[in-house]
There are 2 protein chains.
Amino acid sequence: MGQAEFSDAIADFALTARPSAAALAMMRLSLMDWAACGIAGRDEPVAGMLRGLATEDGGTPEASVIGGPVRLPARAAAWVNGATSHALDYDDTHFAHIGHPSVAVIPAALAVAQGTGATGAALLEAALLGAEASIRIGVWLGRDHYQAGFHQTATAGAFGATVAAARLLGCDASQMRHALGLVSTRASGLKSQFGTMGKPLNAGIAAANGVEAALLAARGFVSNPSALDGEQGFGPTHHGMADAAALNDLGRAWMFETVSHKFHACCHGTHAAIEALRALDLSPEDVAAVTIVTHPRWLRVCNIAAPRTGLEAKFSYRLTAAMALAGWDTGALSSFSQAACVDPALVALRDKVDVQTDAEMPETAARVVVTRGDGGTRRGAHDLDAPMTLERRAEKLRAKAESLLGAPGAAALWAVTAAGEGPDLPGLAAALEG
Amino acid sequence: MGQAEFSDAIADFALTARPSAAALAMMRLSLMDWAACGIAGRDEPVAGMLRGLATEDGGTPEASVIGGPVRLPARAAAWVNGATSHALDYDDTHFAHIGHPSVAVIPAALAVAQGTGATGAALLEAALLGAEASIRIGVWLGRDHYQAGFHQTATAGAFGATVAAARLLGCDASQMRHALGLVSTRASGLKSQFGTMGKPLNAGIAAANGVEAALLAARGFVSNPSALDGEQGFGPTHHGMADAAALNDLGRAWMFETVSHKFHACCHGTHAAIEALRALDLSPEDVAAVTIVTHPRWLRVCNIAAPRTGLEAKFSYRLTAAMALAGWDTGALSSFSQAACVDPALVALRDKVDVQTDAEMPETAARVVVTRGDGGTRRGAHDLDAPMTLERRAEKLRAKAESLLGAPGAAALWAVTAAGEGPDLPGLAAALEG
C-alpha cells in the first residue's frame, strides 16, 4: 500500500459502509452481552474506583454510567464504562487480531449517542462500524504488534471507538481523517497489565481516547491525518506489520460476524482447552496427568502456573483445566476466587497439568491428552471458531445473562436490546444505571 | 540492571530525593517561563479548542485553567494547560533526552497542588522531582525511542507528571510504584504530530495521564508495578534502550540544572543555527549560499523545506535561517506566520539554504558556512549548552516574558514566582486565569 492508503480506506469505510443484516444482528447480541457483563461488573473494585473518581470530578450530565448514580460527560462515561464492562473479563473477543471489540467501542458509541440524542439504530450501526474498523486495524497491526506487548483491545480499540464516536458526531471525511490521526498519538495499552486492574482500565482508556479524538476533530482539530500508517505513525512505531490483507473485502464482508462470545468467566485463551476437557467427561480421581497443547502466543497471556488471586486464576491454563476436570462451574463468576487458588483438590489437579505448544494449530483451538491412573489415555480437541447459529448463540447469551443478572434482569435487557430497529436507548440506560 | 531495578530507583527517588538549591532555582525560572508561554498561548486555536471542550464538560472547580474562565477538575485542567503552554512551542527543552519537561510536569503539579491545597514550596519541589524523573526516564528510553517516532515530551513526560502528582497526593512507596506502573499503559505521543495541533496536545495528554495515574494509585489501584521496565513493559515495547547511565548520580546530581530555555519562538532544534548565523552579522544581499550542518537526528524534527503555515515555519531550518539572515525578530511570536512563508525576500533566501548533517557533533550545536556573492565564505558555530549564569538567564527570561506579556504582566509574574520559599499560588493562579 502507498502512503496513507490504509488511512484512506478506513476513513472511507467509516463514513460510507452499509452493514450486512447478519453483522448488525451480531452487534445486537454483543450489545446485550456487553451490557450484561458491565452490569455484573459494576461492583468490581476497579469499577468502583473509576466511577468514584469520575463522579467526584463530575461535570455535564450527558451519558449514563454503569452503576450510576449520576450521568457524566461523554469522555468520563466512556472511561468508566469501558473499564467496568471489561472488569470481569467476560465480554466478547475477536481472534483475528485477538482483541475485545465491544468494551472499547460500545462505551464510546453509547456515550456519544446519548450526548447527541442519536437513535438506537444509529448507535447500533456506529458500534458495528467501529468494531469492524478496530478488527481491521488490529489485523493490519498484526501479531507482531500483539507479541511485542500491545493490548489490541486498547490500541486497535481506540481507533474503533474513534470511528464510532466520529460517526455519531456527524464528522465529515476530513474530520474523520483528523480524528484517526489524532487518536494515533493517544492510543496506548500494554499486555503487561494482564492480571491487574490495568487490563480493564485499558478498555476504558480506549473508549475515552476515541470519544476525545472525535470530539476534538468535530471542533476542527488539525492533526496529521496520516498518523495511523504514515511515517513515524502509530503502526510503524508500535511494531505494526501493515498487513494489507486487513482491507480484503472491507465494506463487503464483515469480520465482526465471526466475533466470539465467552461462556466461561476467564481469559478467552483458556476456553478451547476447557471445552475439550469438559467433553471428555472424566472423574478427577481418574486423572494422573494432563497435557494441554495450545498456540504458543497464548503462553504470554494466560499461562500463570500457580495463580494466587481470583484475577490471576482467570489467566491460568493449569487452574482452569483443573476446574474443568473437577466439575467446577467455569461459567460462574464466583468460581474464580482466591479460595479456588488454594483449594487442595484443585491445586493437586493443577499440578498434574502440563502446557505445551504447537505453532501450527489455530489460536482458537486446543488439544488435550489426559493420562488416567490405569495408564490409559484420552484425547480431545476443540476449536472456538466452530460455527454456531445466531439462534443458538442468542440462547446461550441469554442463559449467560441470566446467570449474571438473574432471570428478570436478563429478560429486561433482552427486551431493550432485541426489539425494534435498534436498541431502546432510554431502556438500556435505565438497565445500566441500575 | 535486574528486573524492575529501574522502576525501584525511580520510585525511591520520587519519594526521598532532596533537591539541590541550584536545581530548585532553575525550576523557579522554568515555572515563570512556563507561565509566560502559557498565558501568551491562551488564544492559540488549540488552546481555545481544548479549553472549550473541557469547560463544556465542566466539573468540580479545583484547578486553574490558563485563560479561565472557570476552574476544572485536576485532570481536565492539566490537559488544557499542558497543551496551552506548549501551543507556542516556546517552553523549555532538555537535550539529554530531547523533551520539554515543564509543559508535561508543571500542569500536573499545579493542578494537584491546587486540588490538595499544597504550598508553593511543595509545588516547586514536586515539579522539580517530576521534571528530573522525566529527564532520567527519557535518557533511559534513549535515542532509539525518540528516533522510532516517540515524542519524549509526551512519553517520558507522562512519567514525570505522575511523579509530581503522586508526591503531592501523598502517595506511599507502593502507591508510587503502582502509579508508575499504571501510567506505563497510558503514556503515548508521536512525533508525527509535529507541525500540527497534535504536538501541543501531546503535552496535555502527558500531564493529564500523570494526574490520572496518581489519583487512581492514591485510591489503591493495582497495576503491574514493574510495567515501566519489566517484561512487555513500556520501555521494551516502545523501542527503549534501557540505558543504565540514566541512573548515574540520581538524587545527587540534577540534570534539570542544565535545562535549556528558548529565546527564539521556533523549534529548539533550529536555535543553534539561528545563533550562529546571527553572530555573523551579514546583510542578506551578501548571501549567495548557506550551508547549515546539524546533527542528523534533527532532520526528522525541524527540516520542513518549504513551510506553508506559521506552525510549519517553526520547524524549518531553511526558513528560520532566512529569517535570521534577513534580520527578522525570531524572538517574536508574530514572525512565524503564513506571511513569512510567502514573503518573496525570505523565500529567495530560504532557497539558498542547504541543510547537511554530521553525526559526530552534539545535538545542541550547529555549524554554518555562508558563501558571499563575491565568492568569499564566512563560518560560524554555536552550542546551546554553552554555560550561562542563573542571573543572566533570569534577565533573558524576564525580557522574553516582557516581549510575550508586556512589562506589567511580566513583572507581576516575576513577583509571584520569584519571591518566598516557593511561588505564591493564588497569585500564580490569578495570573494564569487572566
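Domain bounds here come from an automatic or database domain assignment. This is a predicted model, where local features need pLDDT of at least 70, side-chain atom pairs count only at pLDDT 80 or more, and totals for chains, interfaces and linings use all residues. Residues are numbered from 1 along each chain as its sequence is written, while chains are lettered from A and ligands numbered from 1 in the order in which they are written.

**View 1. Chain A comes in two domains.** Domain 1 covers 5-260 + 391-433, and domain 2 covers 268-383. Their centres, taken over C-alpha atoms, sit 30 Å apart. Where they meet, 13 residues of domain 1 of chain A are in contact with 14 residues of domain 2 of chain A (two residues are in contact if their C-beta atoms, placed from the backbone, lie within 7 Å). Helices (H or I, at least four residues) and strands (E, at least two) are DSSP runs, numbered from the N terminus. Sorted by class, that domain 1 side holds 4 nonpolar, 5 polar and 4 charged residues. For the classes, Ala, Val, Leu, Ile, Met, Phe, Trp, Tyr, Cys and Pro count as nonpolar, Asp, Glu, Lys and Arg as charged, and the others, Gly among them, as polar.

**View 2. Here is an open sheet in chain A.** Its 4 strands run in the order 2-1-3-4, with mixed pairing; two strands pair if DSSP finds at least two bridges between them. Strand 2 (353-357) and strand 4 (377-383) of chain A are at the edges with a single partner strand each, so one side of each has no neighbour in the sheet. On average, neighbouring strands are turned by 20 degrees against each other, direction ignored. Strand 1 (residues 287-294) and strand 3 (residues 365-372) of chain A pair in the antiparallel sense over 6 bridges. Look for Val290(A): its bridge partner in strand 3 of chain A is Val370(A).

View 3. Helix 11 (residues 271-280) of chain A lies across strand 1, strand 3 and strand 4 of chain A, at about 135 degrees to strand 4. Helix 13 (residues 317-326) of chain A touches strand 1 and strand 2 of chain A, and its direction makes about 125 degrees with that of strand 2. Axes are lines fitted to C-alpha atoms, for helices over the stretch in contact, and angles run from 0 to 180 degrees between N-to-C directions.

**View 4. Now for helix 13 of chain B.** How many of the 10 residues of helix 13 (residues 317-326) of chain B are buried? The count is 9, including Tyr317(B), Arg318(B) and Met323(B). A residue is buried if 20 or more other C-beta atoms lie within 10 Å of its own, exposed if 12 or fewer, and partly exposed in between, with C-beta atoms placed from the backbone. Among the elements those buried residues pack against are helix 11 (271-280) and strand 1 (287-294) of chain B.

**View 5. Zoom in on Leu31(B).** Leu31(B) belongs to helix 2 (residues 21-41) of chain B. Leu31(B) is buried, with 26 other C-beta atoms within 10 Å. Not counting residues up to four places away in sequence, Leu31(B) touches Ile106(B), Leu124(B), Ala127(B), Thr417(B) and Pro423(B).
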